[in-house]
Amino acid sequence: MEEEYVAAISDVLAYVQAHLDEELTPRQLAVVACFSEHHFHRIFRAVVGESVMDHIRRLRLERAAFQLKTSRSSVFSVALDAGYGAQEAFTRIFQAYFGLAPRVFRQAHGSHLLPAASGVHFFPEGFTPLRRMVHPEALDADRLCPAHRNWPAEFEHGWEEFLSVVTGFAALIYPQRVRGTHNREMEDQMMEAMTDIDKEIDSLENEVELAKQRLIEARKRRPREEIHDYVFKGVADSEVRLFELFGNKDDLILVHNMGTGCCHCTMWADGFTGLVPHLQDRAAFVVCSPDKPEVQRKFAEKRNWNFRMVSAHDNSFIRDMGFWADSGPYPGPWPGVSTFHRDPDGKIYRVAKTNFSPSDDFCAVWAFLDMLDGGSNGWEPKYIYKER
């Protein structure tokens, strides 16, 4: 029976490889295997070790990665060949799989292959063969839950409905590429329209991405600093310890804010409001300033801030973390961010730190202004903007 399953799925793999540039659906591939769609999903995963759609996506991404390494094709062209109608969508999924944006990957030293238990990979001379059945035990019907075993048709119908909803929604966001000469001509026209300065900009953007990746890697090599458990004041003037700011997370993002006297810090904090729900899904987030708790509370209410704040007015935390200048043109607190990790034994370590400054990555305003004719043109943030 296992040999029959491997033979059927091998036919599917060959079909996928021969039609990788075409739209492929689970229902279509189940017909190739001569299985019901319900059983096809289970058998394919048991033989190959991944879902059929994950398998197709991986092969397309491996081919795209190889093209990036070995050709001068634009990222836009490679994205189209991989079946993505938008370069932004391709970049997101490529980075999720390879850990690098396409432009960065092109310059980095790394393989175009992704992990695969089945051993099936893309190479320009052809695809490698199926190495072995990955999970033969998954073919045992007794291992299925009673509902799957007793009502397979209902589960198959539910799966088909789910796929139709998901694929329909995805088509609205990322329309399928319509292959043909029109797209090729449009792509060629776009490439021809690129001036020398456009090519220079594209090259510089690639350099920036590479530099950012090197920065990330350098931060990973930075030795962790053990930090003692500081005591802060909360907005209700109650004491709260650094350990408690982690909540149920192991990681903490702590923003060093200069306080109500800095309109730049206020602009940064205004931008955090929309980011907080996303950040807090991964780590705890808190803003710390030297203002007294009552001042913090009133100002936060006025700005409609939704993040937690603590006061370092009565401790040495800001100075100890290196965000206080005793002299120079701007003595006093400095803005920035520190990230901390809490080990299971309760020890707290600072992982990374950096200062804030105009045009940094922590405030989107500057990036937009940089693209204007004349850039920021001396613009400075204000607490309130008068309507014109």
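Because the model is predicted, local features need pLDDT of at least 70 and side-chain atom pairs count only at pLDDT 80 or more, while totals for chains, interfaces and linings use all residues. Residues are numbered from 1 along each chain as its sequence is written, and side-chain values use heavy atoms, with hydrogens and water left out.

The protein chain contains 16 helices and 10 strands, where helices (H or I, at least four residues) and strands (E, at least two) are DSSP runs numbered from the N terminus. Of its 388 residues, 37% are buried, a word that here stands for under 20% relative accessible area with a 1.4 Å probe, protein chains only.

Strand 5, residues 284-289, is mostly covered, with 6 of its 6 residues buried. In a regular strand the side chains alternate between the two faces of the sheet. Ala284, Val286 and Cys288 lie on one side of strand 5 and Phe285, Val287 and Ser289 on the other, and all of them are buried. Strand 5 pairs with strand 4 in the parallel sense over 5 bridges (pairing needs at least two bridges found by DSSP), and histidine 256 stands opposite cysteine 288 in strand 5.

Histidine 341 lies in strand 9, residues 336-342, and its side chain makes a polar contact of 2.9 Å with the side chain of aspartate 251. Such a contact is a pair of N or O atoms within 3.5 Å; within protein, one must be able to donate a hydrogen and the other to accept it, and residues adjacent in sequence count only if both atoms are side-chain atoms.

The table compares two spaces, found on a 1 Å grid over the protein atoms alone: a cavity is a set of points where a 1.4 Å probe fits but cannot get out, and a pocket is an open set with protein on both sides within 12 Å along at least five of seven lines, lining residues having an atom within 4 Å of a point.

| Space | Volume |
|---|---|
| Largest cavity | about 50 Å³ |
| Second largest pocket | about 920 Å³ |

A volume is the space filled by probe spheres set on the points, which are joined across faces, edges and corners. Residues lining the largest cavity include Asn257, Ser289 and Trp305. The second largest pocket is lined by 27 residues, of which Arg219, Ile253, Val337, Thr339 and Phe362 lie nearest its centre.

Key
Buried < 20%, exposed > 50% of the residue type's maximum accessible area, 1.4 Å probe, protein only.
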